[in-house]
Amino acid sequence: MHLKRPLRVPSFAACLILAPLCAALTAAAQSAPDIVFKNATVMTASHGTIQHGSVWVHEGKIAGVGATIDAPSSATTVDATGLWLTPGIIDPHSHSALDSDVNEATSPVTPSMHMIDAFDNRSADLYRALAGGVTTELLLHGSANMIGGQAVVIKNKFGFDRDAMLFPNAPGSIKFASGENPKRVYGSRDQLPSTRMGNFEVMRMAFEDARHYMADWDAYDAKVKKGDKDATAPKRDLKLEALADVLRGKLFVQIHCYRADEFLTEEAIAHEYGYKIRAFHHALEMYKVADKIAADQTAIATFSDWWGFKDEARDAIPWNAVMSMRKGVKVALKSDSDDHIRRLNSEAGKMVRYGGATEDEAIRMVTLNPAWIIGVDDRTGSIDVGKDADLVLWNHDPLSTYARAQKVYIDGDLFFDASLPGLGTTHFNGVMHDSRGFGSDDEEDGQ
Amino acid sequence: MRFLLSLLERPPSLRAAFLSGAGRLLTGEVEGSAVDFRHANSRPWAPQVSKLRPAIAWTLTIALTCLFASSSVQIAAQPESASPQVVAITGGKLLTVSHGTIENGTIILADGKISAVGTAAEVKIPPGAQIVDAKGLTVYPGLIDPESNFGLTEISADQMTNDLEERSDEIMPHMHVYDAFHSETELIAVARLNGITNAVVAPSTGDSIAGQDIFIQLYGRDRDDMIMGRDIALAMNYGAEQRRRDGGRGAGGGSSYPSTRMGLITQLRQSFLDAQDYMTRRDAAAAKKDDKSDKGEKSGDKGDKSPSKRDLKLEALIPYLKGERPVVIGVYEGYDVEVIMGLAQEFHLKVILNHVTAAQDVLDKIASYHVPVIIGSIYDAPRAGERFDAVYSLPAELAKRGAKIAISSADAGGPVSSHSSRNLPYAAGFAVAYGLPYYEGLKAITQDVADMFGFGDKLGSLDVGKMANVVLADGDPLDVRTDVKQVYIQGVAIPMVSRQTRLRDEYSK
C-alpha cells in the first residue's frame, strides 16, 4: 500500500485504537494462522501411526502431534476425518526442472558445476510432483561424469521465485557416478575413461590433484597465520576447490552406482582419500553386500522395482530395498524420473509386498530416510514437534494404489489443493514451462 | 543370466522338468493333500524341500535351489502325466469379471479349462480333485497386457538383445513378431509372477507400419506352446515419432522422406492403394484361373495381368484391407487421431486406437468412432498448463462416453517397456483412483483386452469353458501391496520363481 502523504491522525484516542490493530495486521502478514488437523490417520514416519490423531501447525512449524493436542481456538481447523496425514514426500534423486541441463558431459570431472544455475522454477515437473505430495527434492547432476556437479535442494513452493524455493541452509551435496554411463559417454569418443578401470583411475587422479591443491592452500594459510606478509596465495581453481571441499568433508557425496563390486571400490577409495559416502543412488545390487556397506553408514536411494534397462541393472530385484534395510542400511526410494516422482507414495507401498516392510518402514523410505540422505532430517521428513510443517493430506492410504494428495503444505503454507478448480495451485499463476524428456540419469547422459 | 545358462547346461530331462513347471516337477510327492497359501506371507522365500523324495530334492537343489515361492505351498499328488489334474480352488473371493464377485466361491480347473464356478453350495467338487484352500484369498482371471514387447528385448540398452523394430523402412507389414519372439525371455517369468498370463506382443513404435502382432500366454514349453495367435493385428503408428528427420528415430542420420506428417499420410495412403490394387489383380487372376480350369483351359495366357511374383509386403496388408483383423493404431495427439481415423475410414480398417494420451480435446469424437481404445501409458505426462490428472482421468472419461477401453502396462516417457509389465494392475488401479469404476478397471486388463483381439470366448473372466488362467492373491489385485500367491496357466500351477526370486533367495541365506 502506497500512501502519498503520511496519515494525519486526528486524535490521541484514534492512535490508541489504531496502534494495536496495525501491530496485529503486521503479525498476520508475517506468519500464516495456526492450523489444526483433526481426526486424521497420522503417519508420523518417526513414531508410528496415530489413529484419529491431531497435528497443530504454528508459524510454519509443527507445534503439536498426538491423539489430543492443546491448540489455540483461533487456529484454522481442518477436518481430516477419513483422511491420512503424512510428512511431505521427499525425493533424494531428481533431475526435474533443469531443462535437460543435467550433464556437463564434456569432461569426466566437473565438480564446479552447480545445478542451481540450471534450475527452472516454473517447470511443469515441479507442479506435477507437488500434486503427488512431493515437498522437498534433491536436484542432482547426471551420471555421465565420474565426478559431476553440486546439487541444489529445493522446497517445492511452486509459484514462488527461485530463491524462495531453495531449502534454506541445506547442506551441499555433490554427485559422483560410476559404471556404464561414464565409460560409455567418454569411451564412445575414444577418451578416458572407457572401462571401469579408467573410471576409478580418473577419480583417483582427480583426488591426487586436489590433495596437492589443498596442501598449497594449507601451507599458505599457515604462513598467513604466522603473520608472513610476503605469503602469496595460490591461484584459485574452482574445480580443485570443489574437490578439496569433498576431501575436507564439506560436501555430502552422492554416488550413482549399480554393481556390488563397485560399492566396495567406491568405499575403498573414500577410505583412502578420507571422505564419507552419504548414499549410493540406484544401488540395485546392494542386497548382495548390504552388511558391509551398513558398516560404513552409507545409505541408499534406490528404485522400487526397475530392472533390466541396462546391463548393470540385470541383477536388480524388487526385494533389494527391504533386504538391504534388514541388514542395517538406511534405505530411501527415489524417482530419477519426472514420472515416478508423482507417485513415490505407492512406490513405497510396493515395499510392503516385496519383503514385508511395515507401514512405518515403508513411509520412512520416502520421507525421513531421503531427508537424512539430503542432510535435512532435523528439519523435515517426519511429523514431530519443531519440524517444518511439510504435510500431505491424502484421501486414501498413501501406501495403496488409490491415494490422491488432497492438500499439500510446505512450511505450514498451502501450495496445492486438489479441490480447487483448474490446476489446484494456490501460489502459482502464469506460464508453466514444459519439459522434454524423461528427467532420468539414463536418459540424459547422451545415450 | 548365469542361472539360466547353468540351467541350460543341465541334461535335457532336467530342462524339461524345469520348463514344464513345478506342479509336474513335484509329481509323486505329497505332503498333505491340500494346498494352503494363507500363511505364505510370513517368509515367502523360504524353501521347504526336506520332505521331498531324494531324487526330486536333488533336482530342486541342483537346478532351482529355491523353487517355491512359499514355505507352505504344498502341491498335492499328481499322476505322472502331461495333463494337469483337476484342481478345486475353494473358499476364495472370486472376482469373476463377467458376473460380479462371489464370496466363499469354488472354481474347478480341469483339462486346462474352467469346468465349474460358483458358490461353495453350488459347485460340487469332483472326486480326486486336488483341493486348494483359498480362504482369505482373492481369485481372479489372469491379466492380459494389450501391448508388450515380451521376447523382443532382454536388456534395453544392449542392442544385441533387441529385436523391437525393423527401421530400414517405414512400411513393414511383412514383419512378423513370431519370427523374433524369444519365449525363454526372463521378462515373461517376472511378469507372470504378478498374474499377467497373456499379452499382445507388438513391435516398437517408430515405423508407420511396424509389423504384425502375436498373442501369447506367458507359460509353455516352447515358442509354439506360448503363441496363441499369429499375425493377430497390424501395428500401425502415426504422429511426430515416425517422421524421418534429423535427431528423430528412423534409419540413418539426416532427414529423408517422409519427414513430415504430410509425407507419413501420403506414404500410408499409397501403400494401402498399392495393396488394394495388388489384391484386385490377384483376385481377378484367381477368378480367371478358376474360370479356365472350369473350362479345362490352360492357364498363363497372354494378357493375364496377374502378379506373377508374390509381393509379401502388399500381401500382408490384405487381411486388414478386408477388415478381417484389427489394426492397432498408436497415436497420441487429438489432431493426429482425426487425421489417421480419416485414413482408416477411407480403407475401412477395423481400428483399435492405442495411447491417445494427449487427445483430451477430442474424447467425444473418439467415442463417436465406436472403436476400442487402449490407453497407455496412464503415466504419460500432461502438457504444461494442463491439470496434473489430465491423463490419469482419461480411462474414466472415455469409459464415461461409452468407449470400450483397455489399459496397457506401457511405461511413461518412451516406447513400451515390458520389464514393468508386472505393474499392469497398478495402472488399472490408478485409473480407478481417478474415477474409473472398479470393475471397469479390472475388465480393462482382462475381458475387454481379450475381446479386442478375438480371444473373448477363451480368456478374460472366470466362466465355465474358458482357459484355466487363474490368479490367487492375498488382496485386491489392483493394489501395490497385494502379493500374488499362485498363478495357474491352462490349469498348471506355474512355478512361482524367476531369476529375481532365485537371486533373492541366494542372498537371503
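User: What share of the 509 residues of chain B counts as buried?

Analyst: In this predicted model, 52% of the 509 residues of chain B count as buried.

User: Which helices and strands does chain B have, by number?

Analyst: Chain B has 15 helices and 19 strands. Of its contacts with a separation of 6 or more, 70% join residues 24 or more positions apart.

User: What makes H2(A) mostly covered?

Analyst: The cut-off for a buried residue is 20 or more other C-beta atoms within 10 Å. Eight of the eight residues of H2(A) are buried, so the helix is called mostly covered. Among them are Ala124(A), Tyr127(A), Arg128(A) and Leu130(A).

User: What covers the buried residues of H2(A)?

Analyst: The cover includes strands E7 (134–139), E16 (405–410) and E17 (413–417) of chain A. After H2(A) comes Gly133(A), with a positive phi near 90°.

User: Why are residues of chain A and chain B said to be in contact?

Analyst: Two residues are in contact if their C-beta atoms lie within 7 Å, and therefore this contact takes 35 residues from chain A and 33 residues from chain B. On the side of chain A that touches chain B, the elements giving two or more residues are helix H2 (124–131), helix H8 (286–295) and helix H10 (344–353). H10(A) supplies the largest share, five residues.

Notes:
Residues numbered from 1 in each chain as written. Chains lettered and ligands numbered in written order. Predicted model: local features only at pLDDT ≥ 70, side-chain atom pairs only at ≥ 80, totals over all residues. Helix = DSSP H or I, 4+ residues; strand = E, 2+ residues; numbered from the N terminus. Buried ≥ 20, exposed ≤ 12 C-beta atoms within 10 Å, placed from the backbone.
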